[in-house]
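Please view the sequence and the model first, then read the points below.

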Amino acid sequence: MYEGLKGFTDFYPDEMAPLREVIDTIEDTARAYGFRETSTPALEPAEMWTDKSGEDIVDELYDFEDRGGRHVTLTPELTPTVARMVVAKQQALSKPIKWFSTRPFWRYEQVQQGRYRELYQTNADIFGSSEPDADAEVLAFAADSLTNLGLDGSEFEFRVSHRDILGELLRSFDADVDTTAAIRAVDKRAKVEDEEYLGLLSDAGLSYDQAREFDDLLVAGDDDLSALTDFADSEELAAAVENLENVLAAAEDFGVRQYCDVSLTTARGLDYYTGVVFECFDASGEVSRSIFGGGRYDHLIEEFGGQSTPAVGVGIGVMNSTLPLLLQVHDAWPGEGISTDYYVLQVGDVRSVASRISRELRERGHVVETDVSGRSFGGQMNYADSIDAETVVIVGERDLENDEVTIKDMKSGEQTNVPVDEFPGESDRPTYDEFA
RNA sequence: UCCGGGUUGGGGUAGUGGUUAUCCUUCAGCCUUGUGGAGGCUGAGACGCGGGUUCGAUUCUCGCACCCGGACCCA
């Protein structure tokens, strides 16, 4: 007997059925916004991550040398791949480009609640629009996905921040600040002691007093963004604040503003984000990890060798992620197990008739099972029960002597005889009730 | 990489340095060779892996693997 790899998960049919519903719901939402489906490789040149991404990502790569001596990696995220695709066909694609896909990703990291080494994400991205409407549409898609899954606004929250606000605010201090390090410090704010947090900020170049002032501004800004523009007379800062306000205004018109809280201390770890960034959290706090996140990355396409192209997107973890935890906590986990429309029960040498009936029922789009194990009558009834069959069609030698089959409703247990020539007949979904 | 807690049939569990390892459930078959959800009977099926201590280890001990949770990091 073999064991599967740590951090990889087998999904059995009764586990996959609700996950399928979750994925279908999110994908239907994406389609409704006009996102078009793409499919992308599992394996990519490792350089796509080692060249641009920070140490953190590289440490988690599932990478190796292939037989041609190429340094390749299983993809840990989608963004560089879609960036590559956009660059390759940039001139041919009409803008805005709106793509979605659901597929696995791999990260070699420590396994814990909601975090595995193989995870599935539905990504949705918009390329070619820097308008606030594009940011807001991504927020709206994400929010609609959650509400379509049965969550309401009191059960999740989007913490929305803006990289340029943080950057410009830092720049407005009269100091030589390492912006990236400072933003990383902000990202840690909730996790470390005040003193350590302020220490990280001063490591980044702020004086102690400036660090205090900076932090006060972030907190004040969450309630009232004008506190920021009042502080510094900076055109760039004003533009960033205005951009965030415009995104929130668009979100208001799109009907999702109520899910969004301004939270300037939400920074997100990835370095390529540029404007609006957001993370989704469980409003009840029961799921402590972030559910998913996204944001704007206006420079990545250019960095990948394309023409300057603004971009904004979100990646929602659907399997081996925290979203199932969120849905379970709020009683929104799809309950449907496997079910079967018809079981065609065979007694004796009746395969040709049973097959004809099965085929005609399947042609009508139903889920139909019949015996492939040579089981006894009782054994087949047992099996029909175990697969939650709604109707059992008994094709037995005894009935066929009278040119009949028996239609049995499994819920009530009632049954009746029907001429074999009239089943399934003209009805799309013939059941016991129609013949009773 | 670090810190806790775990690992006994498919699932859930009891127990023990020494005969055939407990119970529930599940699965298969039968009671009932044409009727599932109830009951009865029969059967299948387990001490994570490796080393050490010991006459003897599932039990004690060490290492490893895996699982659960946490730190770090992230989605």
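A polar contact is a pair of N or O atoms within 3.5 Å. In this predicted model, a polar side-chain atom of Arg 115 lies 2.6 Å from a base oxygen of RNA strand B, so the pair falls within that limit of 3.5 Å. The points that follow treat the RNA surroundings, the chain as a whole and one glycine.

**Contacts with the bases of RNA strand B**

- The side chain of Arg 107 has an N or O atom 2.4 Å from a base nitrogen of RNA strand B.
- For Gln 415, an N or O atom of the side chain is found 2.5 Å from a base oxygen of RNA strand B.

**The protein surface near RNA strand B**

- RNA strand B is surrounded by 43 residues, and the closest are Glu 109, Gln 112, Lys 188, Arg 398 and Asp 399.
- Of the atoms of RNA strand B that come within 4 Å of the protein, 44% belong to sugar and phosphate.
- The surface near RNA strand B comprises 18 charged, 15 polar and 10 nonpolar residues.
- Several helices and strands each supply at least two residues of this surface, among them the strands β6 (118-127), β10 (292-296) and β14 (389-396) and the helices α7 (179-187) and α16 (397-401).
- The largest share comes from α15, with four residues; this helix spans 377-386.

**Chain A as a whole**

- Chain A contains 17 helices and 16 strands.
- Its radius of gyration is 28 Å, well over the 22 Å that the globule rule gives for 436 residues, so chain A is more spread out than a compact globule.
- Taken along the principal axes, the C-alpha atoms of chain A fill a box of roughly 95 × 50 × 45 Å.
- Buried residues account for 50% of the 436 residues in chain A.
- Of the contacts in chain A between residues at least 6 apart in sequence, 68% join residues at least 24 apart.
- The accessible surface of chain A is about 21500 Å², and carbon and sulfur atoms hold 42% of that surface.

**Gly 255**

- Gly 255 is located in the loop between α11 (235-253) and β8 (260-262).
- With a relative accessible area of 38%, Gly 255 is partly exposed, because this value lies between the 20% limit for buried and the 50% limit for exposed residues.
- Gly 255 and Ala 136 are 119 residues apart along the chain, and their C-alpha atoms are separated by 9.9 Å.

Notes:
Residues numbered from 1 in each chain as written. Chains lettered and ligands numbered in written order. Predicted model: local features only at pLDDT ≥ 70, side-chain atom pairs only at ≥ 80, totals over all residues. Heavy atoms only, no water. Near = heavy atom within 4 Å. Polar contact = N/O pair within 3.5 Å; in protein donor to acceptor, adjacent residues only side chain to side chain. Nonpolar A, V, L, I, M, F, W, Y, C, P; charged D, E, K, R; others polar. Buried < 20%, exposed > 50% of the residue type's maximum accessible area, 1.4 Å probe, protein only. Rg over C-alpha atoms; globule rule 2.2 N^0.38 Å. Contact = heavy atoms within 4.5 Å. Areas by Shrake-Rupley, 256 points an atom, 1.4 Å probe, with all protein chains shown as cover.
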